[in-house]
Each structure stands twice: as structure tokens, then as C-alpha cells.
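Me: I have a structure open and want to go through some of its side chains. Can you take my questions as they come?

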Amino acid sequence: MKEFKLFLLIALPLFLLPIIVHADETYYIEHGKVEITSDEYNKLLGLGFEETEIYGMSERVFNENRNLTGEVMNKKTLDMSEFPQLSLNPDETIGGGELVNPNNYGYCQTEYKKMTVYIISVNNGAYYRYKMTLDWRKMPSTRSWDIIALGHETNVEPGISATFEQEWCKSSGCTTAFEGNYYSYDNAEIVTFKLPTGSLTSMRSFLYYPVLKVNPDQVIEKITTIGDYAHATTSVSSPLSRSDIDFWGEIRIPSHATKYDDILATDITQTVNWGA
């Protein structure tokens, strides 16, 4: 009898072990509705998607990326507390922070929002992807038409149209949306989009696109991207048109500047050996 009890004590953990391992290797998109494999999950991390972005990711964006492999090549950190004059949002103040890992990842962070910009090598350097994310740390009081922008230099061009996704959660559940006005410029991709209303527990958006060489025979040794975001601090009845927005190192909206805040644009430069 004692031997039988001892066997149960030893066998029970061994029996449970595969179940625990299986749970650790199960990942989801679509807010837990669609299961993906650990390999697919790790590939998305390599392509610059954060854990929260993957969990809320739509099947559309997942299918765009499921057969790609990538490596986040560069980010860098910017402490916004050094530039308090650059936040013009009346309901927002600059949050403090420490300068951490200056060559490892880059974000522009205020009390209300955090912006991160990425350069990603795709399929072993076959091409590169530029990406930026905007996470709201506190929900803004004004929910109108915001602007997200991601720039590039003139020696590269978007390989395909930019992908934009916005995701927000309420106590009743989460929603993912793609709606927006997409504008292409010689040096940037820009989307204007409407923020959701109601009591939110989280809100974030991201924009990305692949870049190809304008001259396929050129050897490029350095690539640069710059991300920017403009939040409407006064209600805007309709999205700004393409002619209302310019991009020159940052979002420029001279005719509507008093209606939008101004956080510091974040740029990243990466040394490459593209085409050698």
C-alpha cells in the first residue's frame, strides 16, 4: 500500500508536465480567438511586433507576415523629459524617465503616449522594413482625427502600400480596425485616422512598410527612418486632406498647428551593406 501511494506521488507531476509545456507554447492573435504556433509567434517578434501587438493582431496582418523572417536591427532611446516645451497638448505633461540602452531601442515617451521606431531586416537582408508604434499610456480626453507618419530617405521607396492597424480595448472586449486615410509622399507614408470613443482600458496603433532600393545597382551603406505622431487636442470634424499635411523630418500642418500637439519626431539610422 505504501508503495502504491509513493508511485502516485511520483507519477502525478510527470503526467502533468506535458500539459504545462503545451500551455506555455500556445499563443494567440485576434485577442485570444485564433491560436498560432510558437514558431509563428517568434517570427512575429523578430519582425518587430511587441507581445501586446501580436495578441491583438488581425488575421490580415498575421497572414502578411507569417512566411517572413526578420531581425530588429536598431532602436534607440530618447528621454522626453529633456524637452518639456515640445508637448503642446494642454491635457498632457512630459513624463520623466531614464536614458536606458541608448543603442538598443528607441522611443519617445510622454505621460500620455509612447512612440517606438524600428528598422528590421527581412528574409536575411533581402529588404528592410520600417515600423513605428504608438501606445497610449493614459487615455486622451480629446478623441478626434490623429496623424501617424513614417519617413524614409530618397534612395529607397516603399515596396508595397503601408500597413496600418489600430487596436483598443474596453471592459467588454477589444476591437481592431484598419480604417484611415492613407497618403503617400516622396519621403513618407502618412495615415489620418479617428480615435475611438468611450471608456477604454488600452489603445495603440502601428504603421509599417517594406523599403526597396530606388536604384537596384546602388550599394547602400546606411538607412534612416523617422517616425512622428500628431494628436488632435481640439476636436477636428473631418480628417485633414493630403494637401494639409507635409512631412519634412516631422509632420507639418501649418494651417492646423494650433489644433494638434507636437512631440519630438524619433529617427533611427542603421549601418548596412545592402547590395554589396
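**Charges over rings, and other contacts**

Reply: Arg60 sits over the face of Phe178, 4.2 Å from the ring centre. Sitting over a ring requires NZ of Lys or CZ of Arg within 6 Å of the ring centre and within 35 degrees of the ring normal. This is a predicted model, where local features need pLDDT of at least 70 and side-chain atom pairs count only at pLDDT 80 or more, while totals for chains, interfaces and linings use all residues. Residues are numbered from 1 along each chain as its sequence is written, and side-chain values use heavy atoms, with hydrogens and water left out.

Me: Which ring does Arg242 lie over?

Reply: Tyr185, with Arg242 at 4.2 Å from the ring centre.

Me: Now aromatics. How many aromatic pairs are there?

Reply: There are 10 aromatic pairs, counting rings of Phe, Tyr and Trp (its six-membered ring) with centres within 6.5 Å; planes under 30 degrees apart are stacked, over 60 edge-to-face and the rest tilted. In one of them, Phe49 and Tyr208 have ring centres 5.7 Å apart and planes at 85°, so the pair is edge-to-face.

Me: Where do Phe49 and Tyr208 lie?

Reply: Phe49 is in the loop between α2 (38–46) and α3, and Tyr208 is in strand β13 (residues 202–213), so the pair ties together parts 159 residues apart in sequence. Helices (H or I, at least four residues) and strands (E, at least two) are DSSP runs, numbered from the N terminus.

Me: Is Phe49 buried or exposed?

Reply: Buried, with a relative accessible area of 1%. Tyr208 is buried too, at 3%. Buried means under 20% relative accessible area, exposed over 50% and partly exposed in between (1.4 Å probe, protein chains only).

Me: What about Tyr130 and Tyr209?

Reply: They form an edge-to-face pair, 6.2 Å centre to centre with 70° between the planes. Tyr130 is in strand β6 (residues 127–136) and Tyr209 in strand β13, 79 residues apart. Both are buried.

Me: Back to Phe49. What does Ile54 touch?

Reply: Phe49 is among the residues that Ile54 touches, as are Tyr28 and Leu45 (contact: heavy atoms within 4.5 Å). Ile54 lies in helix α3 (residues 51–56) and counts as buried because its relative accessibility is 0%.

Me: Different spot. What does the Gln270 side chain join?

Reply: The side chain of Asn74, by a polar contact of 3.1 Å. A polar contact is a pair of N or O atoms within 3.5 Å; within protein, one must be able to donate a hydrogen and the other to accept it, and residues adjacent in sequence count only if both atoms are side-chain atoms. Gln270 is in strand β17 (residues 266–274).

How values were computed
Lists of a residue's contacts leave out its neighbours within four places in sequence.
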